[in-house]
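The sequence and structure are shown first.

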Amino acid sequence: MCSSDLTNYALHPVHATVFLCNSAADPDVIIQRIHKTISSLPAFNISFEGWLTFFNDAGTGKHTLTVGINSGRELQALQKKIAEELLDLIAAPIKYQVPWEGSYFDSYNKWGFPFVGTHWRPHLTVGSSASLSLLEQIQKKNSLLSFSTVPFQNVSLFLINGDAHRSEEHTSEL
């Protein structure tokens, strides 16, 4: 494994992106709206389904190693409520180097983000790398992980600027 692969793999914390947008709004306004939106929702369970790789990921231009999430429709409903609450704060669509089609095109045109709706595959992003062999090594070394069901009770917010992620130290409970 070369160091550039390791660097690419480790740039982002493990996360689940529910919604992503470009906004010029004050972060406190975004936080207040998200908190208002999710505070009325009940907690729900999610189950982890095992390893999933997004090959040639449009967001990273690399291969992205993830863990699939099954939440029924609760996580997709949470996503849509957040997207609706932030719609008037979106300054510009997220830029991608691919043409979107079908549901991805419709979502991109409405929300500025192509993955809002039932076509979105909820997942935890572990990391991205141009090296498939690196991602295969990670899966193999962690093949005995137990993927189980856990309560989904909190949402944490991050401001993202390129490869810099800043936690807003704000967690909202469902």
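## Fold and sheet architecture

From the N terminus on, the elements of the protein follow the order α-β-α-β-β-α-β-α-β-α-β-β-β, where helices (H or I, at least four residues) and strands (E, at least two) are DSSP runs numbered from the N terminus. In total there are five helices and eight strands. The model is predicted: local features need pLDDT of at least 70 and side-chain atom pairs count only at pLDDT 80 or more, while totals for chains, interfaces and linings use all residues. Residues are numbered from 1 along each chain as its sequence is written, and side-chain values use heavy atoms, with hydrogens and water left out.

Of the 174 residues in the protein, 34% are buried, that is, under 20% relative accessible area with a 1.4 Å probe and protein chains only. The accessible surface comes to about 10,200 Å², and carbon and sulfur atoms hold 52% of this surface; the areas come from the Shrake-Rupley method with a 1.4 Å probe. Among contacts (heavy atoms within 4.5 Å) between residues at least 6 apart in sequence, 69% join residues at least 24 apart.

An open sheet of four strands has the order β5-β3-β2-β6, with antiparallel pairing; two strands pair if DSSP finds at least two bridges between them. Because β5 and β6 stand at the edges, each with a single partner strand, one side of each is left without a neighbour in the sheet. On average, neighbouring strands of this sheet are turned by 35 degrees against each other, direction ignored. Helix α5 (residues 132-141) packs on the sheet, where this helix touches β2, β3 and β5, and its direction makes about 40 degrees with that of β3. Axes are lines fitted to C-alpha atoms, for helices over the stretch in contact, and angles run from 0 to 180 degrees between N-to-C directions.

| Strand pair | Residues | Bridges and direction |
|---|---|---|
| β2 and β6 | 44-54 and 149-152 | four bridges, antiparallel |
| β2 and β3 | 44-54 and 63-70 | seven bridges, antiparallel |

Towards β6, Phe 44 stands opposite Phe 152 and Ile 46 opposite Val 150. Towards β3, Phe 48 stands opposite Ile 69.

Arg 121 lies in the loop between α4 (102-111) and β5 (123-129). With a relative accessible area of 42%, Arg 121 is partly exposed, a class between 20% and 50%. Leaving aside neighbours within four places in sequence, Arg 121 is in contact with Glu 49, Leu 52 and Phe 54. The C-alpha atoms of Arg 121 and Asn 70 are separated by 8.8 Å, although these residues are 51 residues apart along the chain.
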